[in-house]
Amino acid sequence: MKHLDRRIGVVHVFCMNGINIAVDVNSGSINVLDDISYELLRSFDEPFTYQQAEEKFKGSFDSESIREACKDINELVEKGLLFTPEFDKETIINRVNDYNGIKALCLHVAHDCNLMCEYCFASKGSYKVAKSLMPAEVAFKAVDFVVNNSGTRKNVEIDFFGGEPLLNFDVIKQTVEYSKKVQERSGKNIYFTITTNGTLLDDEKIKYINENMNNVVISIDGRKEVHDAIRYDAGHKGTYDKILKNALKLVEGRKGKSYFIRGTFTSRNLDFSKDVFHLADLGFDEISVEPVVGASEDFHIRSEHIDQIIKEYENLALLYVDRIKNGKPFRFYHFNINLYNGPCLYKRITSCGAGTEYFAVTPEGDFYPCHQFVGGKGFKIGDLDNGFNNDALRKEFEKVNVFTKPECDKCWAKFYCSGGCPANAYYSNGDITRPEEKACEMQRKRIECAIMIEVVKALEKEKN
């Protein structure tokens, strides 16, 4: 990538687990530092001379050590591994806006749910509208739509979502069978994901899901007392025991196919690392535990919780490293980061593709930018019969990237988080271009943890 804007790039420096780390934002390079280099880079936000370093640290380090550290840092700068200049943003943005077609549709096959989870963003599955199930003909239209509007993409995805999608299991099966026929005549590959609370799983459903779904997401919040206090049925009865039994059976039958156990933590369990390790100790090795979204309830995350949450993420990361060293690894979603072969720059600035490449479809066949915008006033973007007809809204989402968000453009973590969730931004600040600061603070800490973990892995590999 040609550097036309010569503004000096940002270097983020932090220490965790006794390791000094420098992240060069624009090159993506990760550098492990000795103590002197660490202090030098903490003190200067642009390349510096030996004389400047000597003046600042002559009472702290001897001259020879400072000179050697300056030499090492300068070599990294010359190699393009520190203080890499900013990119030509205009060219990148123009390239990003090249439309490649739709990559995925999230089918809301059920606007209904058999649980009454307190924190449900979807109003207990109804999305603040009448409860309904998607007819098969609507689902078939959605399959045709994503295939016919996927451009040059070879692979597309159908996500079965709710509410609780297993309330409409027959339509899910019909849609998968219909999709197989569409694959044959279109030459596209259609991948399937289902997100379920797990309570309605039985042997028949487990067998079908494991044979046909490329990915499965099952909701468990961790420890029984944590889960049952907030994820309960209409009779206010906890669901942990039932879900766990079904989830273990389903995962055992996956035979290596992708899945996630997906939990939510709230202000009531800020010690959520215990929930992560509880799930790992049960035998699950693909785990995600996310902060609750919202701001109006007592269990929502507030600013006064952030310091404790950041400490908890770091505690989780240190224990996670111990697990890896002791031969008991598992994958925690937010600590999965590819430092070597990750997505290209164009993908790293645009987040999830909501409203541009990814859309949610209601039971009636209406389009929304993603599942979290469904039912939101002013966010209907079209329908299956007429296509996308809210051009103004589509253009708003097309413009969203880390270079057009002022807060993101200044942030060292922008190429890792890609600007965060537009729905979270909107429901926090009323603007899809203004990320929520609490979410950003948590994300930055998760990224630091993930980088530290990858550094530890690399250092262990060097030893061996």
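**Helix contact and overall fold**

Reply: Ile36, Ser37, Leu40 and Leu41 in helix 1 meet Ser65, Ile66, Ala69, Cys70 and Ile73 in helix 3, contact being heavy atoms within 4.5 Å. Helices (H or I, at least four residues) and strands (E, at least two) are DSSP runs, numbered from the N terminus. The model is predicted: local features need pLDDT of at least 70, side-chain atom pairs pLDDT 80 or more, while totals for chains, interfaces and linings use all residues. Residues are numbered from 1 along each chain as its sequence is written, and side-chain values use heavy atoms, without hydrogens and water.

Me: By class, which residues does the contact of helix 1 with helix 3 have?

Reply: Ala, Val, Leu, Ile, Met, Phe, Trp, Tyr, Cys and Pro count as nonpolar, Asp, Glu, Lys and Arg as charged, and the others, Gly among them, as polar. On that basis the contact of helix 1 with helix 3 has no charged residues, two polar and seven nonpolar.

Me: At what angle do the axes of helix 1 and helix 3 cross?

Reply: Axes are lines fitted to C-alpha atoms, for helices over the stretch in contact, with angles from 0 to 180 degrees between N-to-C directions. The axes of helix 1 (residues 35-43) and helix 3 (residues 63-78) come within 9 Å, and the crossing is at roughly 70 degrees.

Me: What is the radius of gyration of the chain?

Reply: The radius is taken over C-alpha atoms, and the globule rule is 2.2 Å times the number of residues to the power 0.38. For 464 residues a compact globule would have a value near 23 Å, which agrees with the chain's 24 Å.

Me: How many helices and strands does the chain have?

Reply: The C-alpha atoms fill a box of roughly 75 × 45 × 45 Å along the principal axes. Within the chain there are 17 helices and 16 strands.
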